[in-house]
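Below is what I looked up, roughly in the order I got curious.

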Amino acid sequence: MKVSEIVEALKLETVCGLDNLEKEVTGGYTGDLLSDVMGNAREGYLWVTRQVHQNIVAVASLKELAGIILINSSRPARETIEKAEAEKIPILVSDLPAFELSGRVYNLLTAKNL
Amino acid sequence: MPVEEANSNLYSGSFHIEGGNFNTAGIVSTNIKSILKKLGIPGDLVRKAAIVSYEAEINVVSYAKKAVVNLMVKPGFVQIEVIDEGPGIPNIELAMQEGWSTADQKIREMGFGAGMGLCNIKNYSDNFHIETEVGKGTHLKMIIHTP
């Protein structure tokens with residue numbers, strides 16, 4: 001399933017990376033501790049987090065994640081958007097909290113794989 | 001450097017990390033990653049090196065004054081050395097325990113300082129060596145084997 005399909009199904013707002021939504025999503029990881037995500041997320045995962053500062057882009061880029069979804073309508077910092085554009089990392093925003101959003105992403109990914 | 005040694009180096013270079021500057025945190029790791037990619041190192045090993053160097057970089061930014069990072073790529077392995085000028089680690093055994101951290105509130109609010117950095121470094125490198133002297137600094141050496 002592509003990032004764009006998840007954006008559409010969950011009505012996510014694409015804050016940046018509109019041209020980079022065609023990457024295949026291989027899974028997801030939810031967390032606000034950067035080392036946790038660094039250690040445990042895998043290539044192609046969508047990352048659900050409430051962190052909005054620019055260091056999330058470095059983590060997503062180094063781990064080659066498919067994108068970052070911010071929860072609770074959180075807004076990314078200006079520097080975060082600039083870095084994400086440069087690194088071609090999509091930043092998406094949902095009005096849902098982490099638990100609900102992760103559940104919906106999980107359902108979409110597993111339904112597609114059945 | 002002897003000629004033979006120079007020839008067997010696929011890459012050798014150094015980078016600098018500035019302590020305390022979270023705005024530039026990750027730049028050295030990003031550089032290392034792109035160098036390894038260009039050298040044709042397999043993707044999973046490049047990502048391992050990226051994790052290891054990023055965690056070391058964040059430790060320098062969080063705690064040290066500055067550091068030099070030496071990257072050496074030879075046939076069979078990638079070696080990343082991070083030599084910092086900083087407070088050193090009084091108890092390495094404690095510092096290696098997952099969850100143990102001396103990070104302040106500001107660092108923790110950003111999602112760093114979870115006490116996982118050194119564990120990630122150890123887990124994602126094939127050889128890991130740490131030397132530290134309180135009041136002077138810490139020297140990390142990580143090796144990742146390549147085909």
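This is a predicted model: local features need pLDDT of at least 70, side-chain atom pairs count only at pLDDT 80 or more; totals for chains, interfaces and linings use all residues.

**Entry 1: chain B as a whole**

What radius of gyration would a compact globule of 147 residues have, and what does chain B have? I looked it up: such a globule would come out near 15 Å, and chain B has 15 Å, so the two agree.

Next I wanted the box. Along the principal axes, the C-alpha atoms of chain B take up roughly 45 × 30 × 30 Å. I also checked burial, and 38% of the 147 residues of chain B count as buried.

Then came the parts list. Chain B has six helices and five strands, and going along the sequence they read α-β-α-α-β-β-α-α-α-β-β. I looked at the contacts in chain B between residues at least 6 apart in sequence, and 65% of them join residues at least 24 apart.

**Entry 2: chain A as a whole**

The box for the C-alpha atoms of chain A is roughly 40 × 25 × 25 Å along the principal axes. Of the 114 residues of chain A, 44% count as buried. For contacts in chain A with a separation of 6 or more, I noted that 49% come from residues 24 or more positions apart.

**Entry 3: the sheet in chain A**

In what order do the five strands of the open sheet in chain A sit? I traced them as β1-β5-β4-β3-β2, with mixed pairing. The edges are β1 (13-16) and β2 (27-30) of chain A, each of which pairs on one side only. From one strand to the next, the twist averages 25°.

I zoomed in on one pair. Strand β4 (residues 67-70) and strand β5 (residues 91-93) of chain A run parallel, and three bridges join them. For A:Ile68, I found that the bridge partner in β5(A) is A:Ile91.

Which helix packs on this sheet, touching β1 and β5 of chain A? I found α4 (residues 78-87) of chain A there, and its direction makes about 85° with that of β1(A).

**Entry 4: a glycine in a loop**

I picked A:Gly44, which lies in the loop between α2 and β3 (45-49) of chain A. Is A:Gly44 buried or partly exposed? I got 17 C-beta neighbours inside 10 Å, so A:Gly44 counts as partly exposed.

Leaving out residues up to four places away in sequence, I listed what A:Gly44 touches: A:Lys23, A:Glu24, A:Val25, A:Thr26, A:Gly27 and A:Ala66. I followed up on A:Gly27, which is 17 residues from A:Gly44 along the chain, and the C-alpha atoms of the two are separated by 6.8 Å.

**Entry 5: where the chains touch**

How many residues of each chain are in contact with the other? I noted 17 residues of chain A against 19 residues of chain B. On the chain A side, α2 (34-40) and α3 (55-62) each supply at least two residues. The largest share of that side, five residues, comes from α2(A).

Last, I sorted the side of chain A that touches chain B by class, and wrote down five nonpolar, seven polar and five charged residues.

Technical notes
Residues are numbered from 1 along each chain as its sequence is written. Chains are lettered from A and ligands numbered from 1 in the order in which they are written. Two residues are in contact if their C-beta atoms, placed from the backbone, lie within 7 Å. Helices (H or I, at least four residues) and strands (E, at least two) are DSSP runs, numbered from the N terminus. Ala, Val, Leu, Ile, Met, Phe, Trp, Tyr, Cys and Pro count as nonpolar, Asp, Glu, Lys and Arg as charged, and the others, Gly among them, as polar. A residue is buried if 20 or more other C-beta atoms lie within 10 Å of its own, exposed if 12 or fewer, and partly exposed in between; C-beta atoms are placed from the backbone. The radius of gyration is taken over C-alpha atoms; the globule rule is 2.2 Å times the number of residues to the power 0.38. Two strands pair if DSSP finds at least two bridges between them. Axes are lines fitted to C-alpha atoms, for helices over the stretch in contact, and angles run from 0 to 180 degrees between N-to-C directions.
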